[in-house]
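Here is a friendly walk through one protein model, taken one region at a time. Have a look at the structure, then read on.

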Amino acid sequence: MSKQTQTRRKTVKDIAAAKGKTPIVCLTAYDAPMASLLDPHADLLLVGDSVGMVVHGLPSTVGVTMEMMILHGQAVMRGAEQALVVVDMPFGSYETNNDDAFLNAARIMKETGCQAVKIESGTYAAGQIAHLVERGVPVMGHIGLRPQAVNVDGGFRAKGRTNAERDRVIAEARASADAGAFAIVIEGVAEDLAAEITAEVSCPTVGIGASAACDGQVLVTHDMLGLFDWTPKFVRRYADLSKTISEAAAAYADDVRTRRFPGDAETYALRKPDPEQR
């Protein structure tokens with residue numbers, strides 16, 4: 001029996017049932033070792049298209065491909081045992097029409113084994129969400145600051161600061177929920193707007209830069225662990241692994257250059273002949 005069948009994995013029904021109850025814990029994961037470490041503590045692991053910036057060094061998520069998402073989704077599924085795994089649909093994989101959205105979503109689920117996909121859901125995407133849900137693809141929405149729209153917005157800017165923007169974000173939330181999204185990520189909005197949306201929609205909201213008013217929270221794990229010098233305002237660092245890794249690499253380099261590594265403990269020796277076998 002495989003590792004993934006020995007433990008009951010959380011389902012979209014479990015996440016949907018968490019509305020208004022104990023907050024949902026969500027973190028991003030992009031590889032098997034990290035997924036294995038996060039899995040016991042998370043309700044949901046998101047294979048975010050943030051992998052393009054966090055792992056591949058891209059300037060935005062726009063350049064992320066289906067192949068990248070599938071590769072990282074496969075790795076996370078190998079490491080995760082009990083958390084629901086959701087994989088982002090990359091830019092250009094769902095916007096054109098319902099059929100393209102379904103074919104790409106189905107490919108992601110088939111090739112990774114994940115339980116759901118996430119769509120950056122402007123009001124235009126409600127049709128795609130409904131189309132996917134009707135055909136057996138659970139969908140998580142994403143409203144407010146939508147990183148895939150960075151070129152339209154001129155940067156990563158908080159949303160809902162004007163009346164027109166507030167109305168647009170609320171419309172995105174309503175459209176996503178009405179279309180059948182089992183949960184909605186709310187990114188980069190003020191607390192009162194997040195609270196209003198959370199109270200209005202029937203599915204759970206998961207905030208990132210949207211206050212504790214949401215039904216759960218998600219952070220990019222690399223930000224949370226302090227692997228980057230700069231992080232957004234909404235990130236709380238729970239570790240400083242950048243310093244730890246740098247110090248470890250420096251110590252290793254010094255040991256190599258002074259021939260202190262490898263030492264006797266890390267070196268193989270020839271076995272002495274067994275006298276009885278002579």
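Arg 259 is exposed, because its relative accessibility is 75% (exposed means over 50% relative accessible area, buried under 20%, and partly exposed in between, with a 1.4 Å probe and protein chains only). Arg 259 sits in the segment after helix 12 (helices are DSSP runs of H or I with at least four residues, strands are runs of E with at least two, and both are numbered from the N terminus). This is a predicted model, where local features need pLDDT of at least 70, side-chain atom pairs count only at pLDDT 80 or more, and totals for chains, interfaces and linings use all residues. Residues are numbered from 1 along each chain as its sequence is written, and side-chain values use heavy atoms, with hydrogens and water left out.

Most residues other than glycine have a negative phi, and most peptide bonds are trans. Arg 259 is not a glycine, yet its phi is positive, about 60°. Ser 211 also has a positive phi, near 75°, in a residue other than glycine. Ser 211 belongs to the loop between strand 7 (205–208) and strand 8 (216–219), and it counts as partly exposed because its relative accessibility is 22%.

Where is the cis peptide bond with omega near -5°? It runs from Phe 261 to Pro 262, and Pro 262 is in the segment after helix 12 (241–257).

## The annotated binding sites

UniProt, in an unreviewed entry, places a "binding site" at Asp 49, Ser 50, Asp 88 and Lys 118. These residues are spread over 70 residues of sequence but cluster in space, with a largest C-alpha distance of 12.3 Å. Asp 49, Ser 50, Asp 88 and Lys 118 are included in the lining of the largest pocket. On a 1 Å grid over the protein atoms alone, a pocket is an open set of points with protein on both sides within 12 Å along at least five of seven lines, whereas a cavity is a set of points where a 1.4 Å probe fits but cannot get out; lining residues have an atom within 4 Å of a point.

The unreviewed UniProt entry also gives a "binding site" at Asp 49, Asp 88 and Glu 120. Here the spread is 72 residues of sequence, and the largest C-alpha distance is 10.6 Å. The lining of the largest pocket includes Asp 49, Asp 88 and Glu 120. UniProt positions are in the numbering used here, feature names are shortened, and annotations may be inferred rather than shown by experiment.

How buried are some of these residues?

| Residue | Relative accessibility | Class |
|---|---|---|
| Asp 49 | 4% | Asp 49 is buried |
| Ser 50 | 15% | Ser 50 is buried |
| Asp 88 | 3% | Asp 88 is buried |
| Glu 120 | 2% | Glu 120 is buried |

Asp 49 is in the loop between strand 2 (44–47) and helix 4 (51–54). Leaving aside neighbours within four places in sequence, its contacts (heavy atoms within 4.5 Å) include Asp 88 and Glu 120. Asp 88 lies in strand 3 (residues 84–88), and the residues it touches include Asp 49 and Lys 118. Glu 120 is found in the loop between strand 4 and helix 7.

Ser 50 lies in the loop between strand 2 and helix 4. Which side chain does Ser 50 join through a polar contact of 2.6 Å? It is the side chain of Tyr 30. A polar contact is a pair of N or O atoms within 3.5 Å; within protein, one must be able to donate a hydrogen and the other to accept it, and residues adjacent in sequence count only if both atoms are side-chain atoms.

His 72 is in helix 5 and is buried, because its relative accessible area is 11%. The side chains of His 72 and His 56 make a polar contact of 3.0 Å.

In helix 7 (residues 126–134), the buried residues are Ala 126, Gln 128, Ile 129, His 131 and Leu 132. Their cover includes helix 6 (98–112), strand 4 (116–118), strand 5 (139–144) and helix 9 (163–179). After helix 7 comes Gly 136, with a positive phi near 90°.
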